[in-house]
Amino acid sequence: MKTSGDFRDHLVDLTETGNKAGDLNIDKQPQRKSTPGRMKLEKWLHSSMKIEMTDGRTLVGSFVCTDRDNNIILGSCTEHLRPDELETTLLRTYTEDGREEEPRVLGLAMIPGRHIVSICIDEASQPPQPPTSLYT
């Protein structure tokens, strides 16, 4: 099979403008709606998040992203096996005899939405928001 020209000549742009992909200006970005849900998720980016799962584990990490299936990706994630004994710092667990139990380091982790029982956001860890005006 022989084709002529660049492969980009055969691509179709599915954005609102309807141009061919080869004709698009690289600087153009599709406009995204600023819905309240999107704004809340953007506010949570890089915040510390604690997720309790259906199997009893608790994962703590930095919120990276989510998708329409409610799957969540956490960066710098650690796994804690006893969620009912977590301290408020979200970093340590203890065994029944009082010894500190080390959390297991997972790194980057994807948590399926169907296994999530609850989510807790650490409001203190959120990055500062830029001012809405330079004169406020």
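A residue is called buried when its relative accessible area is under 20%, exposed when the value is over 50%, and partly exposed in between, using a 1.4 Å probe and protein chains only. Keep that in mind as we walk through this predicted model, in which local features need pLDDT of at least 70, side-chain atom pairs count only at pLDDT 80 or more, and totals for chains, interfaces and linings use all residues. Residues are numbered from 1 along each chain as its sequence is written, and side-chain values use heavy atoms, with hydrogens and water left out.

Let's start with the overall layout. The chain contains one helix and seven strands; these are DSSP runs numbered from the N terminus, with helices (H or I) of at least four residues and strands (E) of at least two. In sequence order the pattern reads α-β-β-β-β-β-β-β. Of the 136 residues, 24% are buried.

Now look at the sheet. Strands of a sheet pair through backbone hydrogen bonds, either parallel or antiparallel. Here, five strands form an open sheet in the order S6-S3-S2-S1-S7, with antiparallel pairing; two strands count as paired if DSSP finds at least two bridges between them. At the edges are S6 (104-111) and S7 (116-121), each pairing on one side only. From one strand to the next, the twist averages 30 degrees. Strand S3 (residues 72-80) is joined to S6 by six bridges, and Ile-73 stands opposite Met-110 in S6.

Two loops deserve a stop. His-46 sits in the loop between H1 and strand S1 (48-53), and it has a positive phi of about 65 degrees although it is not a glycine. His-46 is exposed, with a relative accessible area of 57%. In the loop between S2 and S3 you will find Asn-70, another residue other than glycine with a positive phi, near 65 degrees. Asn-70 is exposed too, at a relative accessible area of 51%.

Finally, turn to the second largest pocket, which has a volume of about 240 Å³. A pocket is an open set of points on a 1 Å grid where a 1.4 Å probe fits, with protein on both sides within 12 Å along at least five of seven lines, and lining residues have an atom within 4 Å of a point. Helix H1 (36-44) and strand S2 (58-66) are the elements that give two or more residues to this lining. S2 supplies the largest share, four residues. Among the lining residues are Arg-38, Glu-42, Phe-63 and Asp-67. By type, the lining divides into five nonpolar, one polar and four charged residues.

Conventions
Grid points are joined across faces, edges and corners, and a volume is the space filled by probe spheres set on the points. Ala, Val, Leu, Ile, Met, Phe, Trp, Tyr, Cys and Pro count as nonpolar, Asp, Glu, Lys and Arg as charged, and the others, Gly among them, as polar. Axes are lines fitted to C-alpha atoms, for helices over the stretch in contact, and angles run from 0 to 180 degrees between N-to-C directions.
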